[in-house]
Amino acid sequence: MLTQDARLQRRREHRRRVRRRRIGVLVLLAVALGLGLFLGLRGGSKAASAPKPATTPTTVVSSTVKHHHVVGPGPIRRLALPATLPARTLSAPILMYHRIDRLRPTLPAITRSLTVAPADFAAQMRWLRSHRYHAVTQQQLFAALEQGKRLPAKPVVITFDDGYRDVLFNAAPVLKRLGMPATAYVITGRISGSDVSFLSWAQLKALEQDGVEIGSHTVSHAELPQLTDPGALQQLIRSRLALERHLGHPVQWFAYPAGRFDERTETLVHQAGYVLAVTTQPGSAQSARQPFALHRYEVLDTTGVRGLASMLR
């Protein structure tokens, strides 16, 4: 049986541990804010040499050419959620792809299921266009959810997870030809790494210039609920700062690795500087009161055009 002195000693130890954890989180946030300010000032003083930022792509229709194209980039502003989140719900299905590549028989089962053949992907995008769906950007979705801006009829958001380079070579040309923006959530620790199936930093910039917005998918694809607060914040902040340093503009979109999230990690995503986050929970209803729990439909190798039509129906 513990004495009163021993109980007091345990309480003091518990308070010290809590205090150390809080200090660790505050230090991480302070470092992130300092780096963000430094990068912002550095970018402002070296505007001539900084990479051109991306923007919300705009569709232009030519009177002599049947296809659409995405026009040039412009500035991206740092966004903030309103102090009081509005009670607003929109129907805006978000599609989740991973790889767009040839279905080789040697692919592992999990890789094959996450790989959509280029011809199937092109057919799905053409189906969306022919059925009058309008691909919208994350910025448009944010403005509609949190600021009450209007979306075009039948909006759809196209996203890619992980940062595979086949998205640049096999998906981006189709999207650019059809004038359809998209978002790629990338694992920053794998960019320009030893696995050449992932994008390099130069290729990531090229992907953005083709009209694909860039978001974070953490540094190492770590599942956030399994991490401590400081560990999760490191994954969230380091990945965002790396992307902002290389791309030269704010990065404010996030996708949870493996779709794993909870209320605690939603709060951490907000603290780390993001304004929207997507899950792997199916559904098309997006709530302004849950900007860090947006729903997505997963598109697999077996989905095809019929499966896509069934999802959106």
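Predicted model: local features only at pLDDT ≥ 70, side-chain atom pairs only at ≥ 80, totals over all residues.
Let's step back for a moment and take in the whole protein chain. It has nine helices and 14 strands. Buried residues account for 47% of its 313 residues. If you look at contacts between residues at least 6 apart in sequence, 67% of them join residues at least 24 apart. The chain exposes about 15,800 Å², and carbon and sulfur atoms supply 54% of that.

Now back to α8, which spans residues 263–271. Its buried residues include Thr265, Glu266, Leu268 and Val269. These four sit on the same side of α8, because they cover an arc of only 165° around the axis. And what lies over them? Here are some of the elements that do the covering:

| Element | Residues |
|---|---|
| α7 | 229–247 |
| β11 | 253–255 |
| β12 | 276–278 |

Just past the end of α8, Gly273 takes a positive phi of about 105°.

One more spot to check out is the loop between α7 and β11, where you'll find Val251. Is Val251 buried or exposed? It's buried, with a relative accessible area of 0%. Leaving aside residues up to four places away in sequence, Val251 touches Arg78, Ile214, Gly215, Ser216, Arg240, Leu243, Glu244 and Tyr274. As for Glu213, it is 38 residues from Val251 along the chain, with 8.9 Å between their C-alpha atoms.

Terms used: Residues numbered from 1 in each chain as written. Heavy atoms only, no water. Buried < 20%, exposed > 50% of the residue type's maximum accessible area, 1.4 Å probe, protein only. Helix = DSSP H or I, 4+ residues; strand = E, 2+ residues; numbered from the N terminus. Arc of directions from axis to C-beta. Contact = heavy atoms within 4.5 Å. Areas by Shrake-Rupley, 256 points an atom, 1.4 Å probe, with all protein chains shown as cover.
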